[in-house]
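Have the model open beside you as you read.

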Amino acid sequence: MSDQSRSLLRHDVRHGTRIARAEFVRSVREYLQDNRRIIGFLVAFLFLGGNLLFMLPTVYFAGRTAQSASTVPFFGPAASLVPVVLVLFAALRTVERISGVEAEALMLTSVHPRAVVVGLLGAELARLALWFGLPVALVAGVFAVGLGAPTLLVTGVLVLLPLACCAAIWGYALGLGVLRLLRRLPRVRRVAQVGGILLFLVVLIGSQLVGQYLALADVSLESLLSVLTLGPVVEYVSLAFVGTPLARPVDATGFVVLLGLVALTPVGLVLAERQATTLWFTDDVVTRERSRSSPDTPRETTHFAPPKPFAWTQAGGVAWGILVRAVRKPQELVHLITIVFFAGPFVGTFTQAGPGSETSVILLAGLGVVLGAYLSGAAFGLNPLGDDRPQFPLLLLTETSPKTYVYGRIVAGLTVGLPVATLVPLVALTLRGLPQVAVAFTLAGVVACLAAALFAPGLGCLYPIYDAREIWGTESVSPSMLVMMAFTFVVIGGSSLGLVATWFLLFGGVGMSATVAVALGCYLLLTGGLPLLSSWYALRRYRRFVFE
């Protein structure tokens, strides 16, 4: 490398460091600029921090009792999966967030693309260190105290740093390559958006089913994971235990892996720079096709006409527009994946009970009611102000009342959730020979969907999110995690309680005593009053919305 090349490299690294610092500071300011977001972080910190505190004594005693690295549970498979997980996570973050920089046109005309790549990677590593580095350092510190070897923190950082940098750079290059592929093949983008979500659902449900199978079957999990163990990677990670009681004989393979990581890091940086330059300085297929078309060519204009029954009311027309936008941009519904964490255990119970048994059919019907109620509110109602804000300058100047927009979201949610909540129990229980139970569960599903659809907009207006994030190449606004958690617990808990009450009152032989009547009255009052109050609050927020 010539002196000029080294000078340019130092120049780009210096500018990249400044970009990384600016991006990181901007991210922290975004986190702290909203008081409600700060409250959300505090709640999450208390919840996750509480779990971490309960886990620390176990980590301490694990360090006290550990005799060698081989006695650490799943050390080999976990060490082998670390580089793979880091590369895939970096690629996912690239596709989702860091494929570009703020004020991209100005930045790319001021500095070299290599400086922008270094800045984006540095800022992302700093963010990840802030979110994950502190908890990991706390756990490692407690383990080192229990082990009686404080040097573990130093050697662990020295081992993890080259691995993290190499994985981040190659994951970034992989993510940029995926974005280039999606840009070159526009049809693949739509398939990837839907297929990625479906694959994630399959992985989540499959992992829960596998976990239940391993818990019940006489199979050793460690023997299954031993297939994933990579000897050289394990030897490299074992270098972190040098100077501690867990130290194993040093193998030259670990140092070979270290040299490989050091050598692959600049190669990955060059590859990422070329991928980023091609991505940032070339137009996609759609842009080129539009530029080739003559501006004088008349375009055929089509009138947006919703079909019946949506065309009967203005709220129906709004609902149809929301549904069409969801079909065109399915990544806006990515927040619905959270229901899988609750539905997964029921899938395992369903398979254990037997697909044709009466218990499994009743569970399937109840799951359909709960899922339909969840979709009725969560699909389009948990962030109405954030979703509609780009169109508010036009919407608020029309003669259409805010009630139409709120009711439009309610109708759109019912269009998605009501068929699930009614058809699944009606078909499943009727085919099983339980028509009375089918009718009761279907009516319960209708009530649950109406309550959830009315409840969601007010809860979403209570804590709106306006900042768009890039997910799978398209910017979208997702609801707050606090709103999602509150809605999920209320709807799943309320729907499940309603189904249990319906079953015991109609088919379980429970008589209508004074206590039962009072409890049922309180439940119906909450089921009807809380959604009505929530929808009234949503209308009030729409009517009093002002631009800051």
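At 14% relative accessibility, Gln275 counts as buried, where buried means under 20% relative accessible area, exposed over 50% and partly exposed in between, with a 1.4 Å probe and protein chains only. You will find Gln275 in helix α10; helices (H or I, at least four residues) and strands (E, at least two) are DSSP runs, numbered from the N terminus. Leaving aside residues up to four places away in sequence, Gln275 touches Ala173, Leu176, Gly177 and Arg180, contact meaning heavy atoms within 4.5 Å.

A word on the source: this is a predicted model, in which local features need pLDDT of at least 70 and side-chain atom pairs count only at pLDDT 80 or more, while totals for chains, interfaces and linings use all residues. Residues are numbered from 1 along each chain as its sequence is written, and side-chain values use heavy atoms, with hydrogens and water left out.

**The chain as a whole**

The chain holds 20 helices and two strands. Of its 548 residues, buried ones make up 37%. If you take the contacts between residues at least 6 apart in sequence, 82% of them join residues at least 24 apart.

**Salt bridges**

Side chains of opposite charge can pair when their charged atoms come close. Here a salt bridge is a side-chain nitrogen of Lys or Arg within 4 Å of a carboxyl oxygen of Asp or Glu, and by this rule the count comes to four. Among them are these pairs:

| Salt bridge | Closest N to O distance |
|---|---|
| Arg114 and Asp12 | 2.7 Å |
| Glu124 and Arg93 | 2.6 Å |

Start with Arg114 and Asp12, whose closest N and O atoms are 2.7 Å apart. Arg114 lies in helix α5 (residues 113-147) and Asp12 in helix α1 (residues 3-32), so this pair ties together parts that are 102 residues apart in sequence. Asp12 is buried, at 6% relative accessibility.

Next comes the salt bridge of Glu124 with Arg93. That pair links distant parts of the chain, with Glu124 in helix α5 and Arg93 in helix α3 (residues 75-96), 31 residues apart. Both partners are buried: Glu124 has a relative accessible area of 5%, and Arg93 has a relative accessibility of 14%.

Through shared partners, salt bridges join Arg93, Glu124 and Arg127 into one network.

**Two helix pairs**

Two packed helices are described by the angle between their axes and the distance between the axes. The axes are lines fitted to C-alpha atoms, for helices over the stretch in contact, and angles run from 0 to 180 degrees between N-to-C directions.

How do helix α14 (residues 358-378) and helix α18 (residues 435-462) pack, and at what angle? The angle is about 25°, with the axes 7 Å apart. That makes α14 roughly parallel to α18; angles under 35 degrees count as roughly parallel, over 145 as roughly antiparallel, 65 to 115 as roughly perpendicular and the rest as oblique. The residues making this contact include Ala365, Gly366 and Val369 of α14 and Ala444, Gly445 and Ala448 of α18. By class, the contact divides into 11 nonpolar, five polar and no charged residues, with Ala, Val, Leu, Ile, Met, Phe, Trp, Tyr, Cys and Pro counted as nonpolar, Asp, Glu, Lys and Arg as charged, and the others, Gly among them, as polar.

For α3 and helix α6 (residues 151-184), the angle is about 45° and the axes are 7 Å apart. These helices are therefore oblique to each other. Their contact involves, among others, Leu86, Val87 and Ala90 of α3 and Ala167, Ala168 and Gly171 of α6. Its residues divide into 16 nonpolar, three polar and no charged.

**Two loop residues**

Leu246 sits in the loop between α9 (231-237) and α10 (252-280) and is buried, at 1% relative accessibility. The C-alpha atoms of Leu246 and Leu152 are separated by 9.9 Å, although the two residues are 94 apart along the chain.

Finally, Pro309 belongs to the loop between α11 (285-292) and α12 (314-328).
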